[in-house]
Amino acid sequence: MKKFISAAFATLFIICSAFTNAVKEEGMFLLSMLNNLNLAEAGLRIPVSDIFNEQGNSLTHALVRLGGCTGSFISDQGLIITNHHCVFSSVSSISTKENNLLENGFYATDKEKEIKINLTCKITQSFEDVSSKVLSNITENTPVADRANIIAKNTEAIIKMEQELSTKYKIEISEMMV
């Protein structure tokens with residue numbers, strides 16, 4: 001599993017680099033749009049379903065959100081890797097004058113010696129493009145001042161409905177510009 005995730009991230013990095021240079025389409029794409037792109041022509045050597053697959057496991061299932069940052073699972077025990085600036089304040093809050101973890105660093109030799117921090121980790125369970133629902137009741141003639149209110153009400157209604165269907169998970173809608 002560790003080797004797969006490491007290889008997948010390395011492959012994704014290479015793919016992204018090749019994709020940027022080889023394909024006319026530019027910008028960011030929603031995960032659900034990947035099937036509409038000719039990634040094989042851009043040099044992708046693995047199936048798109050290995051990157052994003054709504055029906056099964058894929059690379060995106062290794063991604064997590066830590067606060068406003070992203071991270072990745074690197075072990076089947078839940079070990080997550082992220083960037084230094086993403087956990088700086090959390091590590092700072094558990095440091096002491098005697099043991100400044102920001103300056104000294106830290107390595108746990110086993111699970112019992114790990115230091116817990118208070119940082120929420122969010123794991124995406126599913127993904128759905130709800131753009132048409134969020135933008136319903138908005139036309140070209142809708143005043144700009146009203147658009148934000150309509151979007152907020154639509155978003156709130158979608159979250160409420162989905163939350164009632166699935167009380168086990170927290171429902172969130174993220175704005176993505178493409």
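Helices (H or I, at least four residues) and strands (E, at least two) are DSSP runs, numbered from the N terminus. The structure on screen is a predicted model, in which local features need pLDDT of at least 70 and side-chain atom pairs count only at pLDDT 80 or more, while totals for chains, interfaces and linings use all residues. Residues are numbered from 1 along each chain as its sequence is written, and side-chain values use heavy atoms, with hydrogens and water left out.

**First stop: helix α5**

Select residues 144-165, which form helix α5. The expected span of a helix is 1.5 Å times one less than its number of residues.

Next, colour Asn154, Thr155 and Ile158, which are buried (under 20% relative accessible area, against over 50% for exposed and in between for partly exposed; 1.4 Å probe, protein chains only). These residues cover an arc of only 100 degrees around the axis, which puts them on the same side of α5; the arc is that of the directions from the helix axis to the C-beta atoms. An α-helix has 3.6 residues a turn, so residues three or four places apart point the same way. Turn the view to the other side of α5 to find Ala145, Ala148, Lys153, Glu156, Lys160 and Glu164, which are exposed.

Part of the cover over the buried residues of α5 is α4 (131-134). Now centre on Thr155, which lies in helix α5. Thr155 counts as buried because its relative accessibility is 17%. Apart from neighbours within four places in sequence, Thr155 is in contact (heavy atoms within 4.5 Å) with Val134 and Ile173.

Move to Thr142, in the loop between α4 and α5. Thr142 is buried, since its relative accessible area is 12%. With neighbours within four places in sequence set aside, Thr142 contacts Asn137, Arg147 and Ile150.

Display the open sheet of 4 strands, whose order is β3-β2-β1-β4 with antiparallel pairing. Two strands pair if DSSP finds at least two bridges between them. At the edges are β3 (80-82) and β4 (121-123), each of which pairs on one side only. From one strand to the next the twist averages 35 degrees.

Select β1 (residues 63-66), which 3 bridges join to β4 in an antiparallel arrangement. Across this pairing, Val64 stands opposite Ile123 and Leu66 opposite Cys121. Val64 and Leu66 make up the covered face of β1, whereas Leu63 and Arg65 make up the uncovered one.

Strand β2 (residues 69-73) is also antiparallel to β1, joined by 4 bridges; here Leu63 has Ser72 as its bridge partner. The two strands form a hairpin with 2 residues between them, and Gly67 in the turn has a positive phi of about 60 degrees.

**Last stop: the nonpolar core**

Show Leu30, Leu34, Leu37, Leu39, Leu44, Val48, Ile51, Phe52 and Phe127, the 9 residues of the largest nonpolar core. Such a core is a set of buried Ala, Val, Leu, Ile, Met, Phe, Trp, Tyr and Cys residues joined through side-chain atoms within 4.5 Å. Finish on Phe127, which touches Leu30, Leu31, Ser32, Phe52, Glu54 and Met176, not counting residues up to four places away in sequence.

How values were computed: Axes fitted to C-alpha atoms, helices over the stretch in contact; angles between N-to-C directions.
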